[in-house]
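Visitor: I am new to this structure and would like a close look at a single part of it. Please take me through the metal site and the strands that connect with it.

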Amino acid sequence: MRICRFDSNRVGIVRNDNVFDVTDIVQRLPDLRWPVPLGDLFIDQLEALRPEMERLADRATPRKLANVKLLSPVANPGKIVGAPINYNDHIAEAMKDQTIAHGRDLKTIGETGMFLKANSSLVGPSEGVAQRFSERRNDHEAELAVIIGKHGTNISRDRALDYVAGYAIGLDMTVRGPEMACFRKSIDSYSVLGPWLVTKDEVPDPGNLNLKLWVNGELRQDSNTRYLVYGVPRLIEFTTSYYSVHPGDVIMTGTPSGVGPVKPGDVMAVEIEKVGRMEVSIRAA
Ligand code: MN
């Protein structure tokens with residue numbers, strides 16, 4: 001199932017090139033009062049609500065995908081976790097081009113650990129990236145994004161996929177420079193998630209997905225998740241050996257080689273096999 005959020009917080013099911021509005025499903029979510037539990041309420045209930053969402057979609061009038069504004073499929077992630085240097089070919093290019101890591105020692109992901117991006121940086125594809133510090137190098141990083149479906153901590157890699165709700169395309173936008181990753185990568189709109197959430201039953205093996213990114217039609221990144229240093233199960237194990245994850249938490253799994261600068265006016269297109277394709281434009285903030 002492909003679940004999107006669009007226009008003014010509508011919820012949709014995507015079938016082929018159509019969106020079926022199932023926003024009535026929101027009425028099934030608990031009416032909570034402060035303090036609310038950590039995590040995204042809708043993602044927490046997603047599995048249980050699927051049959052009703054299918055029924056609502058069957059009765060809805062289709063709208064063309066091209067005519068809706070796609071938002072991040074997760075509205076309220078508790079956190080966005082990033083994986084640094086998680087493709088060997090990206091490590092090789094960062095060793096050759098010192099501007100990528102800004103002269104920092106490149107260690108392994110196991111030594112470096114994960115980083116966090118502020119959840120205020122999250123947007124959907126229709127919102128685009130509002131670039132700051134355009135005089136500095138601002139890069140695209142196309143990544144498979146994992147959306148966690150239930151609470152867990154100390155999750156072993158053999159059980160890790162049980163904790164996944166689904167997948168999306170992630171863009172981990174980055175200003176290169178000396179600041180900590182969590183700061184440089186947390187600018188408003190520097191985390192793009194879309195075009196929708198694909199439930200995990202449609203992605204039997206997240207470790208074998210082609211991933212491509214174009215800028216203005218020119219292919220810049222072209223790889224496959226089989227080249228991940230830590231694949232999805234191990235990333236979940238590694239992350240949760242330090243902290244809990246909650247429904248709606250997003251893990252951006254890292255980017256392959258081909259990262260490069262973008263500037264206002266550019267349009268990125270990103271495609272991940274079995275997940276989808278999205279276009280995201282860059283403008284000056
Ligand atoms: Mn990244």
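## The manganese site and its surroundings

Guide: This is a predicted model. Start with two residues, Glu141 and Asp172, which are both buried. Together with Glu143, they coordinate the manganese ion. Glu141 and Glu143 each contribute through OE, while Asp172 contributes through OD, and the distances run from 2.0 to 2.1 Å. Along the chain, these donors follow the spacing E-x1-E-x28-D. The pair Glu141 and Asp172 links distant parts of the chain, with the two residues 31 residues apart. Glu141 lies in the loop between strand 10 (138-140) and strand 11 (142-148), whereas Asp172 belongs to strand 12, which covers residues 164-172.

Strand 12 is joined to strand 14 by 6 bridges, and the two run antiparallel. Within this pairing, Ile169 stands opposite Gly194 of strand 14.

Strand 14 itself spans residues 191-199 and is mostly covered, with 9 of its 9 residues buried. Other strands pair with strand 14 as well. Strand 1 (residues 2-6) runs antiparallel to strand 14 and is joined to it by 2 bridges; here Ile3 has Leu197 as its bridge partner. Strand 8 (residues 122-123) pairs with strand 14 in the parallel sense, also over 2 bridges. In that case, the partner of Val123 is Val192 in strand 14.

Definitions and conventions. Residues are numbered from 1 along each chain as its sequence is written. This is a predicted model: local features need pLDDT of at least 70, side-chain atom pairs count only at pLDDT 80 or more; totals for chains, interfaces and linings use all residues. Side-chain values use heavy atoms; hydrogens and water are left out. Donors are N, O and S atoms within 2.8 Å of the metal (3.2 Å for Na, K and Ca); water is not among the atoms, so sites may look incomplete. Helices (H or I, at least four residues) and strands (E, at least two) are DSSP runs, numbered from the N terminus. Buried means under 20% relative accessible area, exposed over 50%, partly exposed in between (1.4 Å probe, protein chains only). Two strands pair if DSSP finds at least two bridges between them.
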